Amino acid sequence: MRNDIVEILCDINPLLDPDDEDIAEFLESKQLMELIARLEDHFDIDIPYDDRNEDNFYSVDTIIELLERLQ
C-alpha cells in the first residue's frame, strides 16, 4: 500500500518528497483533489467529504490510516 501511495504522490507532484511531513502543504488544491480521486480509483473506495481535510493527507502514514479505516 505504501509503495502505491508514494507512486501516486510522485506522479502528481514529482518535486514532492513523500518522506516529508505535511504533504498537503506541498500540494496545490487541484493536486490534492487529484490525489483523492486517484486513491479512490486505485483502492476502490470512496473518501467522504468529511475525510477530505488536510489532516488526513499530512503524511504517507496518515493516508494509510485513512485508507485502512475506509476499507
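Reply: In this predicted model, the side chains of Asp51 and Arg69 meet in a salt bridge, with an N to O distance of 3.3 Å. The two partners belong to distant parts of the chain, 18 residues apart: Asp51 is in the loop between α3 and α4, whereas Arg69 is in helix α4. Asp51 has a relative accessible area of 14% and is therefore buried, since the limit for that class is under 20%. Leaving aside residues up to four places away in sequence, Asp51 touches Asn56, Phe57, Leu66, Arg69 and Leu70.

Asp61 is partly exposed, with a relative accessible area of 39%, and Arg2 is partly exposed at 39%.

Asp61 and Arg2 belong to the contact between these two helices, along with Ile5, Val6 and Leu9 of α1 and Val60, Ile63, Ile64 and Leu67 of α4. The residues of this contact comprise seven nonpolar, no polar and two charged. The axes of α1 and α4 come within 10 Å and cross at roughly 120 degrees; the helices are therefore oblique to each other, and their crossing is right-handed.

A further salt bridge joins Arg38 and Glu34, whose closest N and O atoms are 3.7 Å apart. These residues are four apart in helix α3, and are therefore separated by about one helical turn. Asp11, Glu34 and Arg38 are linked in a network of salt bridges.

Terms used
Residues are numbered from 1 along each chain as its sequence is written. This is a predicted model: local features need pLDDT of at least 70, side-chain atom pairs count only at pLDDT 80 or more; totals for chains, interfaces and linings use all residues. Side-chain values use heavy atoms; hydrogens and water are left out. Axes are lines fitted to C-alpha atoms, for helices over the stretch in contact, and angles run from 0 to 180 degrees between N-to-C directions. Angles under 35 degrees count as roughly parallel, over 145 as roughly antiparallel, 65 to 115 as roughly perpendicular and the rest as oblique. A crossing is left-handed if the near helix is turned anticlockwise from the far one by less than a right angle, and right-handed if clockwise. Contact means heavy atoms within 4.5 Å. Ala, Val, Leu, Ile, Met, Phe, Trp, Tyr, Cys and Pro count as nonpolar, Asp, Glu, Lys and Arg as charged, and the others, Gly among them, as polar. Buried means under 20% relative accessible area, exposed over 50%, partly exposed in between (1.4 Å probe, protein chains only). A salt bridge is a side-chain nitrogen of Lys or Arg within 4 Å of a carboxyl oxygen of Asp or Glu.
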